[in-house]
Amino acid sequence: MGRKPSLESPLALCSAPMGAAVPGQSVYDRWRSYFCDPKQLPQVLVGSLLARYWSHQPSEAGVGLPHSPSLAPSDNLQTPMNLVMPLRYPHAAYRAQFGKLLFNAADEVLSGLNNVGTVHFARFDIIQGNLCMFSVYDGDFQGYIRDFIGTIGGVFDGLMTFVKEPPRAPCGEYVDEFIEWVHGHDMLQMPEWPTDISDDLPALQRSTLVLFDRNANMQMGMYHGYPGYSVAQIRNGLGIGW
């Protein structure tokens with residue numbers, strides 16, 4: 001009989017029962033995520049190699065989904081922004097310091113977001129060592145960030161001290177650099193229509209694979225319970241006002 005594979009071998013990792021305590025958890029998770037089904041192993045390996053190859057081809061250099069306002073006004077409503085910013089130090093004491101700063105600035109943040117007048121929802125999260133700001137806004141991306149800087153730029157300067165490789169401060173003096181920095185940390189949003197990725201249908205699957213290779217974090221979709229309505233329309237309709 002052959003030697004029984006150890007728990008550290010790929011075969012054991014694939015065959016281990018779900019939820020089993022396996023040494024080297026990060027390695028275990030990685031192997032189970034990709035190779036639990038041996039039938040999928042060739043497809044995963046080939047797909048990964050092709051994605052890396054295509055990512056470096058000149059024809060794929062422009063693959064991406066840039067922020068650009070639509071000619072249809074209703075398309076510029078309820079746009080998500082998903083900032084994912086790695087923390088400088090992810091340990092508990094450092095995160096607690098960030099929490100204290102945010103709690104102390106809560107009134108200023110809420111007042112500033114009200115003054116922007118185009119924000120449906122906004123929240124700060126800490127997820128696996130990343131500071132995340134998720135928001136839904138009306139209007140174009142650059143206008144939103146400029147309004148954001150004008151109302152709570154000082155608070156954001158403080159928050160940026162907790163982030164790896166932050167933008168130059170104060171952000172109010174380096175507006176264009178800050179907008180570019182935010183754009184670079186905004187999670188890629190997959191479009192509602194596949195042809196928004198590429199209108200070259202034969203190359204659509206390849207271009208989509210390249211996007212997945214280049215972006216570890218992606219928004220796959222978003223549901224709108226009241227599509228086509230702005231913050232101002234909703235507040236006025238509910239009689240909330242400003």
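Q: How should I read the contacts in this chain: what share of those between residues at least 6 apart in sequence join residues at least 24 apart?
A: Contact means heavy atoms within 4.5 Å. In the protein chain, 63% of the contacts between residues at least 6 apart in sequence join residues at least 24 apart. Keep in mind that this is a predicted model, where local features need pLDDT of at least 70, side-chain atom pairs count only at pLDDT 80 or more, and totals for chains, interfaces and linings use all residues. Residues are numbered from 1 along each chain as its sequence is written, and side-chain values use heavy atoms, leaving out hydrogens and water.

Q: How many helices and strands are there in the protein chain?
A: Both are DSSP runs numbered from the N terminus: helices are H or I with at least four residues, strands are E with at least two. Here the protein chain has nine helices and five strands. From the N terminus on, the elements run α-α-α-β-α-α-β-β-α-α-β-α-β-α.

Q: In what order do the three strands of the open sheet stand?
A: Two strands pair if DSSP finds at least two bridges between them. In this case the order is E1-E3-E2, with antiparallel pairing. Strand E1 (79-86) and strand E2 (119-127) are the edge strands, each pairing on one side only. For angles, axes are lines fitted to C-alpha atoms, for helices over the stretch in contact, and the values run from 0 to 180 degrees between N-to-C directions. Neighbouring strands of this sheet are turned by 10° against each other on average, direction ignored.

Q: How many bridges join E1 to strand E3?
A: Eight bridges join E1 to E3 (residues 130-137), and the two run antiparallel. Met85 stands opposite Leu131 in E3.

Q: Which helix lies across E1, E2 and E3?
A: That is helix H6 (residues 141-160), running at about 150° to E3. Phe141 has its place in H6. The C-alpha atoms of Phe141 and Thr79 are separated by 8.6 Å, although the two are 62 residues apart along the chain.

Q: Is Phe141 buried or exposed?
A: Buried means under 20% relative accessible area, exposed over 50%, and partly exposed in between (1.4 Å probe, protein chains only). Phe141 counts as buried, at 7% relative accessibility. Across the protein chain, buried residues make up 34% of the 242 residues.

Q: Where do the buried residues of helix H8 fall, seen down its axis?
A: In H8 (residues 204-214), Leu204, Ser207, Thr208, Val210 and Leu211 are buried. Seen down the axis of H8, they fall within an arc of 155°, so they line one face of the helix. The arc is that of the directions from the helix axis to the C-beta atoms.

Q: How many aromatic pairs does a search of the whole structure find?
A: Rings of Phe, Tyr and Trp (its six-membered ring) pair if their centres lie within 6.5 Å; planes under 30 degrees apart count as stacked, over 60 as edge-to-face and the rest as tilted. The search finds eight aromatic pairs. One of them, Phe98 with Phe162, is edge-to-face, at 5.8 Å centre to centre and 75° between the planes. This pair links distant parts of the chain, with Phe98 in helix H4 (residues 92-104) and Phe162 in the loop between H6 and helix H7 (175-185), 64 residues apart. Phe98 is buried at 4% relative accessible area, and Phe162 is buried at 8%.

Q: Why is the pair of Phe178 and Trp181 stacked?
A: Their ring centres are 6.5 Å apart and their planes at 15°, so the pair is stacked. Both residues lie in helix H7, three residues apart, about one turn of the helix.
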